[in-house]
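Hi everyone, thanks for making time this morning. I'd like to walk you through the inside of one model, starting with its rings and ending with its backbone.

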Amino acid sequence: MKKLLIIILLFESFVSAAFAVRDSLGGFQYALVQAPDGKEWESPERLALNKEQPRATFFSFADVVSARKVLPEHSAYWMSLNGDWKFKWVPNPDERPKDFQRTDYDVSAWDDIHVPSSWNIYGIQKDGTQKYGTPIYVNQPVIFQHKVAVDDWRGGVMRTPPAHWTTYKHRNEVGSYRRDFTLPAGWNGREVFINFDGVDSFFYLWINGQYVGFSKNSRNTASFNITPYLTAGKNTVAVAVYRSSDASFLEAQDMFRLPGIFRTVALTSVPKLHVRDLVVIPDLNSAFDEGTLSIKADIRNLDKKEAKGYSMVYSLYANKLYSDENTPLANVAA
């Protein structure tokens with residue numbers, strides 16, 4: 001049986017002040033903003049607002065037993081938001097509901113849509129009619145009016161295309177999503193993040209009516225720290241997804257253009273002092289009989305108190321492929 005290696009990190013006693021500072025990537029902005037200005041989705045220099053810096057994929061677990069099961073659904077600190085969301089589709093940005101993020105805005109008459117999904121596909125009815133726009137296939141060109149010329153992107157995605165194009169009437173579809181959630185009791189005093197594993201192609205995010213930020217880049221996880229916006233009991237998340245944005249100039253491959261929240265949405269929770277990122281590099285000696293793992297951990301402290309007296313402890317396990325079965329490796333020195 002083939003085996004994979006898994007690493008379990010235990011936070012026990014870190015020796016001194018632990019706060020890793022990392023320079024922000026270009027285009028990532030961090031600020032308390034009351035509302036979007038409406039230009040974010042057509043401003044190439046603005047990639048994200050209040051979105052977490054990219055990191056390796058891993059999850060926090062409450063104990064070693066659950067961590068050895070590897071997948072996030074085994075963690076008490078992971079909560080799926082997949083399922084039915086309230087949904088409103090419009091063919092153009094000017095027609096979208098402007099105040100739907102407000103907690104007193106009534107969305108009870110809206111349709112239900114399953115997340116994750118692509119709304120073009122979800123809206124195809126049994127008789128073949130299309131409730132939420134048309135799935136558009138092209139090989140390399142973008143789906144909005146353009147020309148092959150230097151700086152053509154400056155014209156944006158809202159230019160008027162030929163009348164026979166699908167995007168002549170549906171110039172830039174917008175899907176507005178809403179749902180409620182309640183945090184698990186065991187998450188009190190911890191930092192809470194909302195994670196969108198894939199949204200095509202741009203979205204704004206609100207929690208309990210408060211504007212959190214926005215994200216481009218549909219194929220990578222967009223994670224936001226929503227701790228300051230949460231309340232005890234019921235919370236409301238609202239998301240406005242735009243089919244096309246300036247990012248769509250880059251995402252022009254041989255594929256269907258399918259907008260929507262098309263991958264998992266989940267909440268995760270970490271302690272205020274936590275591992276923000278990991279770089280794990282394996283190597284073998286020249287005889288191929290001994291291996292090493294070089295591990296660098298980016299530690300972040302979101303508490304007001306200085307972190308003292310902590311350390312990192314690593315354990316290494318051999319895991320059977322496609323299985324939860326694993327055993328600790330002997331003779332491993334960390």
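Let me begin with the aromatic pairs: the count comes to 20, where rings of Phe, Tyr and Trp (its six-membered ring) pair if their centres lie within 6.5 Å, and planes under 30 degrees apart count as stacked, over 60 as edge-to-face and the rest as tilted. One of them is Phe-100 with Trp-206, an edge-to-face pair at 5.6 Å centre to centre with 80° between the planes. Phe-100 sits in the loop between strand E5 (83–90) and strand E6 (111–115), and Trp-206 in strand E11 (residues 202–207), so this pair ties together parts that are 106 residues apart in sequence. Strands here (E, at least two residues) and helices (H or I, at least four) are DSSP runs, numbered from the N terminus.

A word on ground rules: this is a predicted model, in which local features need pLDDT of at least 70 and side-chain atom pairs count only at pLDDT 80 or more, while totals for chains, interfaces and linings use all residues. Residues are numbered from 1 along each chain as its sequence is written, and side-chain values use heavy atoms, with hydrogens and water left out.

Back to our pair: Phe-100 is buried, with a relative accessible area of 0%, and Trp-206 is buried at 4%. Buried means under 20% relative accessible area, exposed over 50%, and partly exposed in between (1.4 Å probe, protein chains only). Another edge-to-face pair is Phe-202 with Tyr-242, at 5.8 Å centre to centre and 90° between the planes. Phe-202 lies in strand E11 and Tyr-242 in strand E14 (residues 234–242), so here the parts tied together are 40 residues apart in sequence. Phe-202 is buried at 0%, and Tyr-242 counts as buried at 3%.

Now, which residues have the most contacts inside the largest nonpolar core? They are Tyr-177, Ile-194, Leu-205, Ile-226 and Val-239, in a core of 32 residues. By nonpolar core I mean a set of buried Ala, Val, Leu, Ile, Met, Phe, Trp, Tyr and Cys residues joined through side-chain atoms within 4.5 Å. Among the strands that each supply at least two residues of this core are E5, E6, E11 and E14. A second, separate core of 21 residues includes Val-90, Val-107, Ala-238 and our friend Tyr-242.

On to the backbone. A cis peptide bond joins Val-115 and Pro-116, with omega about 5°, and Pro-116 is in the loop between E6 and helix H2 (119–122). A cis peptide bond also joins Asp-200 and Ser-201, with omega about 0°; Ser-201 lies in the loop between strand E10 (199–200) and E11.

Finally, two residues have a positive phi although they are not glycines: Val-70, at about 70°, and Tyr-322, at about 60°. Are they buried or exposed? Val-70, in the loop between helix H1 (64–67) and strand E4 (78–80), is partly exposed, with a relative accessible area of 35%. Tyr-322, in the loop between strand E20 (310–320) and strand E21 (326–328), counts as exposed at 82%.

That's my tour, so over to you!
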